[in-house]
Each structure stands twice: as C-alpha cells, then as structure tokens.
Amino acid sequence: MKYRFVLLLLLGCATWSYAQQMESEFKDRPDKKKNATYFSNGLQSKYREDTDGAIRNFEQALRYMPDDDASMFELCEQYYNAGRMEDAFLMIQKAAKLDPENKWYQMRLGQFYRNLEQYDDYIKLYESLTAKYPNDPDILTELIDAYLVTEQYDKALAKMDVLEKQIGQNEIITEQRLGILNRKGDKKKVVSELEKLIKENPENPRYYNMLAQVYAESGKEKDALRMYEKIKEINPNDPYINISLLEFYEKNGNQDKAFDALIAAIRNKNLDLNTKASIYDYWMNKNQGSNKVNEQALQCGLAFSETHPDSKLGYLILGSYYIVTENASLARTYYKKSLAIDSTDFLSWQNLIISESRLNENEAVRNHAVKALKYYPMQPVFYWYAGVSNAVLKNNDDAINYLEKGRRYTTDKLQMANFDAFLGDLYHEQGEEAKAFEAYERTLRNDPNNVLVLNNYAYYLAVKGQDLDKALEMSTKAIAAEPDNPTYLDTHAWVLYMKGDYKEAEKHMGKAMKLLKEPDATYTKHYEAIKSKLGKN
C-alpha cells in the first residue's frame, strides 16, 4: 500500500505538471469553441470504442479549457479503459473538486476509493452523499456496502432499516442482515428475520431450510424437523431436502433414519447423479466399520440401478456387493451390465474376470482378459489372467506369451515374482529347464521366501542331481515355513537322498507318508528307494 501511494504520487506529479502547463498556456485565452469540437470528437471516438482516439480528443478539449470538468470525467473513463489507473484516479479527483455538487463525479470517485482500499475516504464521501441525497437508494446501498466492507455492522444494520423503509422489504437486504446477525451470533434476531422472509416468500423452501439449520444449531430439533417437513409439504421433490434430513438425523444420532434419507435422496429424480454419488461415497466411507454397511450398499445399489438404469454406478455397487458376499454368479451379471453401458470401465473388466475365475469359467476369463487388453494394453492384471487361463486350458505357448508381456509392465516386486513363478512352472512343463530355472531365480530375487518356488526349484534340481547344496538350502527354508506340508517334506527327503544322507531322508519321508491323506505313487516310490539304500526292503 505504501509503495502504491509513492507511485501514485509520482505519476500524479507528472499529470498535474501537464495540467499546470495547459492551464498556464490557456488560462488567459480559453477557446470554448475548440473545446466543444474536441469534446464532441472525443464522444464519437468513445462510442466507436476507439479508446486512444477518445483520449487524444478529450486531452485536446482540456488544452482549450483546462477547467472543463466534463472532459475530465470522460478522460477518467478512457484512462481507466486503457489501464492507466493512476491517471484516471487523479482526473476524477480534479473533476469532483471542480464540481462537488455533481453526484456522479462523487460516486465515481467513491468507486476509486473502494478499489484502492482507501476506506476512510470511501465512507466519508458516501456519508456526505447520503446527507445530500437521503432518498437515493443507490447511494444508501453503497454506504451500506462500505460499512460491511469495513465491518461496521451496527451502522450497516441501521442504514438497512432506513433503506427498507424507502423501498419496502427486500430479500437481498434481509439476507445481508442475516449475514451480519449470524456473525454477531444473535440467533434470536436471525430467527425473526428468517420468519419475515418466510412470510414474504411462503413457497420458497430455501428459507425454511435456513431456519431449520438455525433451530438445529440451537438444539431445537423438533422445530428444525418441523421446518424440514414443511419443505416436503411445499415441494415433495425438492432435490436437497433428503440431504438436509440426512445431516439432521446424523447429528442427532439416528443412523437408521439418516440412511432412509440417503435412499430417498438416491431415488429423488430431481437430484443430480454426481451429488448422489458423492453422498453415497461419504456414507460408505463414514460407516466402513458398521455391520450394516454391506446390506446398505445392496440397498443403495438397487436404488441407483432402478432410478438411473442408464448409469453404470448402480451396477458397479451391486457387483461389488456380490463380490464381497462371494456370489460370483450375480457379481458377473452386474459387471456385464456395467460394461454394456461403459465398455472402457477398468473396475468392471477386472471384477468380471475375477468373478468368472471364481466360477472356473476359464474360456470366459481368457476371452475377457484379451478383450480388456484392447482398452488397457499396459495393465499387468489382464496379462496375468490371460496367461493363467490359457495355461489351465493347456495353451502353454499363449500362456507364456501373455505372462512374459505382463511381467514387463509391472514395477511391483511381488507381482513380478508371481509372473516369474508361473513362467518357471510353464517352462519346466515345456521341457525348457534353463528358462524355468532362470524364471525361478528371478522369482526368488524379488520374493526370497516364496515357499512354492523354493520347493519346486529344489525338487527339479534334485531330480537332475544338480546344485544339491543349493537345493537343500531351499527345501530347508520351505519346510521351516510349512513343517507339516507332505509335498515339501517329500522334496526335502529326495534332496537328502540325492546327497546320500539316507537316514535323514527316511525321517522326513516317513513324516510325509504319515501326513498323506491318500496314498501317492510318487511318494511311495521315493520312500521305497530311501529304505532300499538303508537295507530295509
């Protein structure tokens, strides 16, 4: 503010120097005719929106009559349009000084005071104007605004009363008064003002809602509820009444009625879908730990799908509900409905495929995963399902192709480990042991405690009689993680057998045999081979 004042002062000196030069040159010989000509030309330029031309003509008009306040007023406007705010301000100051009785000059000067935040001058000027023009509502309104800007609320309220006597009760004035009374915390007067508004506008639900909020904040729940019921009576389809009731019941601890209000809001066709989605998210997030939340999600999903059958939102909610409650068949149905509306929805594709996977519909999983990749060619989850489903369908080449691509799109170590573990098994099945072992190595770098890979890799090395110390280290980790897993015990026993430690091998193989629920030919063959080495056959 200080620096702006200095700049204003410097520019002001320049403008006043120019004005003094004109005044010195023409004070003894003003030329009204030339003044009038340039003033007229200036007006023509102004009407053509030729700001530069208007400025040149009005400046010339002032050369021939330096005390021409009308040209000063016009120059103020043109300087303002040209962005020369300081020049505009100084020009209107001079015009207002030359003709202090011209209220238009004074009012324009007041606007500058306000924009420049010179509030003392702004208020002083409008108090003076109000004294001169006590019946001018525009001037009185400006003074009220000046008091509001400077937070002189009592003075603003007093002038509002005067203005209301002049023009009658006015909605804008009443709302301004309400704002002041709320700031002052005068609830009693706020209620009185709102009652006046309702009396003047009995069909406007907004004021009933405002009064209901005041009652609720004051602990008058019955009066608040009465106002909300009045809104429903006036306009049963009011788009926001149910949201107001939801908030009201929540604050009063009545969760059941609050939820009823949420459902009513979702079913209200006059409330926009985005707002409904927002309040649904709010409710679900706030009630995440409630034992009713799943059932409430179901009711919301049904309300959305019935009220907005052309929106995917309701079907997504219902699909998620049935995924959580492990009804994969119904989940699949609703995700298909969602995709029929929006074929690009990621969540619908992902959960449709998960549902079909749970139903062991492997061909559907493969087909939908491949289709989803057309929309999301860089999403590893769809490569995973395309790979796994092809593997189940014995299309190993396709499975390997999708899994190799998918692993390149993931940066998550555990996810990459899953891709590599599956690839290791597939390569081994294909007889490509070098690639299988390479995939297992990558798996264990990213997930050193992956017991399934530790077991399988150890077993395959044992079968080949290769890297047996490494195989023993891996199988030891596997049985430490799952000591009662007969598969892992069998692997460990066979590694020990291949290393020639028959006694330890027999101990672990014996345990494995006891844990088997059904006879297994491979385990039996291993056990007999170990006992044979010990001379026990």
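This is a predicted model: local features need pLDDT of at least 70, side-chain atom pairs count only at pLDDT 80 or more; totals for chains, interfaces and linings use all residues.

Biologist: Start with H13. How many residues does H13 have, and how far does it reach?

Modeller: H13 covers residues 221-234, which makes 14 residues. From first to last C-alpha it reaches 20 Å, close to the 20 Å expected at 1.5 Å a residue.

Biologist: Which residues of H13 are buried?

Modeller: Ala-224, Met-227, Tyr-228 and Ile-231. Viewed down the axis of H13, these buried residues fall within an arc of 95 degrees, so they line one face of the helix.

Biologist: And what does the face turned away from the buried side carry?

Modeller: Lys-222 and Glu-233, both exposed.

Biologist: Switching to H16. What span should its 14 residues have?

Modeller: At 1.5 Å a residue, H16 (residues 273-286) should span 20 Å, and its end C-alpha atoms are 20 Å apart, which agrees.

Biologist: Which residues are buried there?

Modeller: In H16 the buried residues are Lys-276, Ile-279, Tyr-280, Trp-283 and Met-284. They cover an arc of only 135 degrees around the axis, which puts them on the same side of H16.

Biologist: What covers those buried residues?

Modeller: The cover includes helices H14 (241-251), H15 (255-267), H17 (293-307) and H18 (313-324).

Biologist: Which residues are exposed on the other side of H16?

Modeller: Asn-274, Asn-285 and Lys-286.

Biologist: Last one: what caps the N-terminal end of H16?

Modeller: Asp-272 does, with a side-chain oxygen 3.3 Å from the backbone nitrogen of Asn-274. Asn-274 is also one of the exposed residues of H16.

Notes
Residues are numbered from 1 along each chain as its sequence is written. Side-chain values use heavy atoms; hydrogens and water are left out. Helices (H or I, at least four residues) and strands (E, at least two) are DSSP runs, numbered from the N terminus. The expected span of a helix is 1.5 Å times one less than its number of residues. Buried means under 20% relative accessible area, exposed over 50%, partly exposed in between (1.4 Å probe, protein chains only). The arc is that of the directions from the helix axis to the C-beta atoms. Contact means heavy atoms within 4.5 Å. A polar contact is a pair of N or O atoms within 3.5 Å; within protein, one must be able to donate a hydrogen and the other to accept it, and residues adjacent in sequence count only if both atoms are side-chain atoms.
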